[in-house]
Amino acid sequence: MTQLSLRGSDRVLHVAWPDGTGADFPFLWLRDNCPSGFHPQTQEREFDLTGIPMDIAIAEATLEDGKIVLTWTGDGHVSRYDPEWLRDHRPGIGLADPARIDPVLWRGDFPADNLPRASAETLLSDDAALLDFLIDTKRTGLAVVDGMADNKDAGMAMARRVGFLRETNFGATFEVMSKPNPNNLAYTSHALPLHTDLANQELPPGFQFLHFLANEAEGGGSTFCDGFAIASDLRESDPEAFELLARTPVPFRFQDEDYDIRRHHTVIDLDPFGNLQELHFNAHLAGIFDLPAERMETYYRAYRKIMEMTRSETYVMTTRLAGGEMVIFDNRRVLHGRAAFDPNTGFRHLRGCYVDRGEFDSRIRVLSRKRAE
Ligand code: OGA
Ligand code: ZN
């Protein structure tokens, strides 16, 4: 049976569940999370924390009909909690998240044939298969869809199965082909060294969907590398370079006739817990470094080091996507590139779009709800 013990001196209620789990719940946390303070439909908090004193305390804690019932000092408010709900939200642990999927790092020896792969038909029609595929894609950061319809909008339709599109200055979708008057190196036939797209944006787009409508020209093979593998190896092998790349903001910039979009970012971006969150790596869009002169050479040493890693066989996966295939990758983790191609030898045409990480994760959570039912 669930047991309660009030520890007034520590201002916590200790709850022990029948399975042996136990946790302390601070008084203020309990009052702030009283179920009566949430809108029953939207589940949003309406309770106003400033309406209670900081020294609010529990006058009585009892178990009634399987609920934990607390009576508060002061206004005598009564709160009723489901013990399972409290267990799922234990302070210091928090709610399990189906979209929290640890990345599995890969390096150059990872065969492209082992990437997560599914057919467009399956993903468009089967929610369970879509969920498995999204989870796998999040784990590796890179996956392939085959059997795409030979239709310019097929990539967007697949991306919209996951979430709404992230529009950018290149539009909701962009055409990658050799064009006259290109405003971007991707729209030439030149090689593109490994990069993340749109590092010049305040928040670079999350997942990229790149549909190969045709890839018939000589050249034009694809390269990918796991930026998290590079960054975590650098953290071990050269902590000084890692720190410089994680702490030094450098400018990125895109400009054409209509836009001038600039942002400083660190090349390696850590979350508030110190975990790898994102890489900003794009030599074409890197602005003119503006560090103080005396720090420039030390920074260049670290920057060049990570750049060398993105050129090394240790990290780079080389593959070739065929017409009818689409790659999906986490643009904030996995770097992508291509070999130069000869536009006189055949047609090469890709169409791309983005879905941000937040929408991608939301889709995993909502599909997981159905699975749990
Ligand atoms: C891009 C890009 C890759 C390719 O458009 O940003 O990286 O294979 N394209 O053309
Ligand atoms: Zn790109």
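In what sense do β1 and strand β2 pair, and over how many bridges? I shall answer that after a word on conventions.

This is a predicted model, in which local features need pLDDT of at least 70 and side-chain atom pairs count only at pLDDT 80 or more, while totals for chains, interfaces and linings use all residues. Residues are numbered from 1 along each chain as its sequence is written, and side-chain values use heavy atoms, with hydrogens and water left out.

To the opening question: β1 and β2, the latter covering residues 12–16, pair in the antiparallel sense over five bridges. Strands here are DSSP runs of E with at least two residues, and helices are runs of H or I with at least four; two strands pair if DSSP finds at least two bridges between them. Within this pairing, leucine 6 has leucine 13 of β2 as its bridge partner.

Both strands belong to an open, antiparallel sheet of three strands in the order β1-β2-β3. Its edge strands, pairing on one side only, are β1 (3–7) and β3 (22–26). On average, neighbouring strands of the sheet are turned by 20° against each other, direction ignored, with axes fitted as lines to C-alpha atoms.

Turning to the whole protein, there are nine helices and 22 strands. The C-alpha atoms fill a box of roughly 80 × 55 × 40 Å along the principal axes. Of the 373 residues, 49% are buried, that is, under 20% relative accessible area with a 1.4 Å probe, protein chains only. Finally, among contacts (heavy atoms within 4.5 Å) between residues at least 6 apart in sequence, 73% join residues at least 24 apart.

Methods: Chains lettered and ligands numbered in written order. Axes fitted to C-alpha atoms, helices over the stretch in contact; angles between N-to-C directions. Buried < 20%, exposed > 50% of the residue type's maximum accessible area, 1.4 Å probe, protein only.
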